[in-house]
Amino acid sequence: MSFLPFAVAAWLFLAGLYGIVSSRNLIRTILSLTIVQSATYLVLLGVGYADHAQAPIFADIPQTAKAVDPVVQVLVLTDIVIEATVTALLLAMAVQAHKRFGSLDPSDLRALRD
Amino acid sequence: MHITALTVAVPMIAAPTLVAFRHWTPRILNDVGATGVAVAVATLCALLLAKTIKNPFAYWLAGWRPSHMVTIGISLSIDPIGAGLATFAAILVTGALVYSWRYFDAADGLFHALMLVFLAAMAGFSLTGDLFNLVVFFELMGAVAYALTAYKIEERGPIQGGINFAISNSIAAYAMFVGVALLYARTGALNMAQIGAALDGHRADPLVIVAMTLLFIGFMTKAAAIPVHFWLADAHAVAPTPVCVLFSGVMVELGVYAIARLYWTIFAGPMAPHAEELRAILIAFGTVTALWGAVMCFSQRHIKRLLAFSTISHVGLFLCGIGLLSAKGLAGVATYIVGHGLTKAALFMLAGVLLHRFGTIDEFDLHGVGRGLPLIGALFATGGLLLAAVPVVTTFFGKSLLDGAAIDAHYAWLPTVFVISSMCTGGAVLRLTGRVFLGWGASEREDVVQAVPAREEEDEETATRDFTPRLMVLVPAVLLAGAIMIGLIPGAVPGIETAAAHFRDHASYIGWVLHGGRAHFPPASTSHLETYDYLYGAGATVGAIVLAAVTLFAYRLKDRLPAIVLSPALAGLRTLRGLHSGHIGDYIAWWTAGAALLGGTSLVFLK
């Protein structure tokens with residue numbers, strides 16, 4: 001059990017946030033968002049990790065073998081499905097933004113301001 | 001009861017069916033089919049509500065029941081507040097779908113399918129007893145909502161609104177995933193009842209506090225609390241009107257609901273010694289939200305944006321109500337959500353009528369054009385009074401409970417905040433009613449406080465028409481009638497108070513979810529209206545009318561104000577408005593600051 005995955009996750013989360021805040025290109029913004037999400041994978045997998053344990057596929061290993069927690073792996077799968085959906089949707093919107101605004105720079109998106 | 005899962009399954013199955021056949025089905029079949037499904041879900045949820053009022057119960061999907069307090073399966077944990085919210089969501093979806101029959105000139109099955117998935121996600125969100133499912137339904141609700149916001153994908157406003165909404169809420173969801181993972185690491189459970197049971201009797205350590213912060217800031221993003229609210233005004237200004245109805249009417253409120261649910265199922269045990277501090281933190285966020293939203297609301301000229309900020313202001317009230325951490329505060333929020341949701345849904349629909357007919361939604365462009373539409377004007381004015389919580393409509397009962405709860409908790413100044421919020425949000429709607437339907441007040445440009453034109457960002461419908469379909473007036477009229485009447489139904493408000501008392505019974509929740517069987521609640525007390533409730537209600541109403549009248553008729557008074565008062569006020573307002581830049585980077589910077597603020601104060605004061 002090490003703190004490394006959690007430290008890396010925190011770093012990824014913050015790096016992704018910084019990427020979004022500082023981005024001058026929507027594609028970079030969206031990729032930064034996926035970096036934020038990568039942090040969640042690391043946290044989940046880190047939570048389920050156990051030293052010297054095997055992958056939890058009990059067809060291949062004895063029922064009594066020590067395995068990592070399968071629940072978090074399922075959660076990560078769900079997480080990945082969500083990421084694929086949201087990223088695809090956002091990229092489609094970015095394509096449209098490029099068509100309608102003629103730019104991918106968030107500063108040039110000026111349809112909404114108070 | 002096996003119909004429980006149908007509330008989510010029916011719309012989930014109907015939606016792809018509509019999409020699969022959309023090239024062959026005529027419009028009418030999509031309209032009738034989707035509305036029929038929404039009515040069916042409303043009926044199912046109402047049946048659940050009727051059953052659960054007698055006794056809350058957990059439904060274990062595929063029969064994976066818990067044994068010895070350990071859950072493997074996933075539960076839908078049905079209690080009156082959750083089932084009531086799901087029913088309310090289904091009713092609003094029905095209303096929005098009926099309204100969209102005539103609102104859209106052309107809508108293929110995709111729109112209907114998205115609305116049904118949205119409904120499935122909201123129903124699942126209200127009913128689930130599983131923390132991870134709660135977050136997944138949050139994301140599902142989000143993904144559909146992003147697509148619905150950018151439904152008019154050919155236009156600039158919706159694209160930008162959709163992007164800002166999607167990125168803000170996705171970050172919120174990822175923070176929540178981390179929160180869920182941390183709680184799972186601590187307790188080995190995902191069911192809220194089991195997590196709550198595992199945390200009981202332990203003090204709140206940093207891990208639990210960080211998990212709570214991440215979950216709360218996520219739901220506060222959905223609920224649009226300051227400073228994580230920026231996406232809301234953008235999304236509401238550009239989303240199609242039937243979608244705005246759902247965003248403001250129920251989706252945003254679900255964020256508030258989730259905070260209440262998480263607190264009383266999971267964190268009530270470890271946080272009990274620090275309830276006073278948590279109360280102060282939540283009320284601080286709520287108060288700032290209520291006041292910021294009120295000021296921004298009153299200074300708008302774009303009607304949908306005005307209504308969006310009005311929603312933010314009300315979210316502030318709800319957050320304060322939840323933050324009071326009492327049964328009475330919770331009951332006040334639940335009552336208020338019903339009254340506010342129906343009112344705001346109707347007001348968005350009426351704004352849609354203006355847009356549909358005149359092709360603009362700018363208060364100054366519409367100056368006096370509504371003179372020939374007395375009915376719509378009267379409905380608008382009714383909506384304004386309802387937002388001001390005039391005695392004795394549903395919002396008034398909600399606000400009275402909140403006032404009582406605030407005074408019980410020794411926050412005697414909080415009702416003043418509520419009055420300011422009601423005054424500004426109600427006054428703004430009354431003001432625009434006077435300007436649009438009676439031609440009162442300044443026409444163009446004379447009023448510098450509101451001088452940011454809003455035409456460019458509104459491209460939803462640009463054609464003007466000389467008629468309004470009757471259905472588009474009938475639906476909001478019915479919703480407004482509901483907003484007036486529901487609080488007056490005998491037993492409705494006391495029923496909500498009882499449900500709220502049961503909702504916050506942490507030990508009983510764990511019992512009826514994990515052990516099944518009949519829950520035994522101590523008798524719940526119900527409250528009565530006090531004289532000061534009428535005073536606050538009347539004060540807010542009179543204040544709203546005066547505020548509207550002053551801005552319409554006496555706006556030149558402003559020139560007589562000494563510069564030392566006027567210039568800082570105008571500069572402050574300009575700064576506040578300047579923060580809503582439409583730039584996603586700015587929004588996420590504020591989000592990070594908000595998360596750090598909530599996390600920092602929690603770690604300092606709740607440990």
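Q: Hi! Is B:L325 buried or exposed?
A: B:L325 is buried, with 23 other C-beta atoms within 10 Å. Buried means 20 or more other C-beta atoms within 10 Å of a residue's own, exposed means 12 or fewer, and partly exposed lies in between, with C-beta atoms placed from the backbone. This is a predicted model, where local features need pLDDT of at least 70, side-chain atom pairs count only at pLDDT 80 or more, and totals for chains, interfaces and linings use all residues. Residues are numbered from 1 along each chain as its sequence is written, with chains lettered from A and ligands numbered from 1 in the order in which they are written.

Q: Thanks! What is its phi, for B:L325?
A: About 60 degrees, so positive although B:L325 is not a glycine.

Q: And B:H410, buried or exposed?
A: B:H410 counts as exposed, with 10 C-beta neighbours inside 10 Å. Its phi is also positive, near 65 degrees, in a residue other than glycine.

Q: Switching topic: which peptide bond is cis at B:P227?
A: The one from B:I226 to B:P227, with omega near 0 degrees.
A: B:P227 sits in the loop between α8 (206-223) and α9 of chain B. Helices here are DSSP runs (H or I, at least four residues), and strands are E runs of at least two, numbered from the N terminus.
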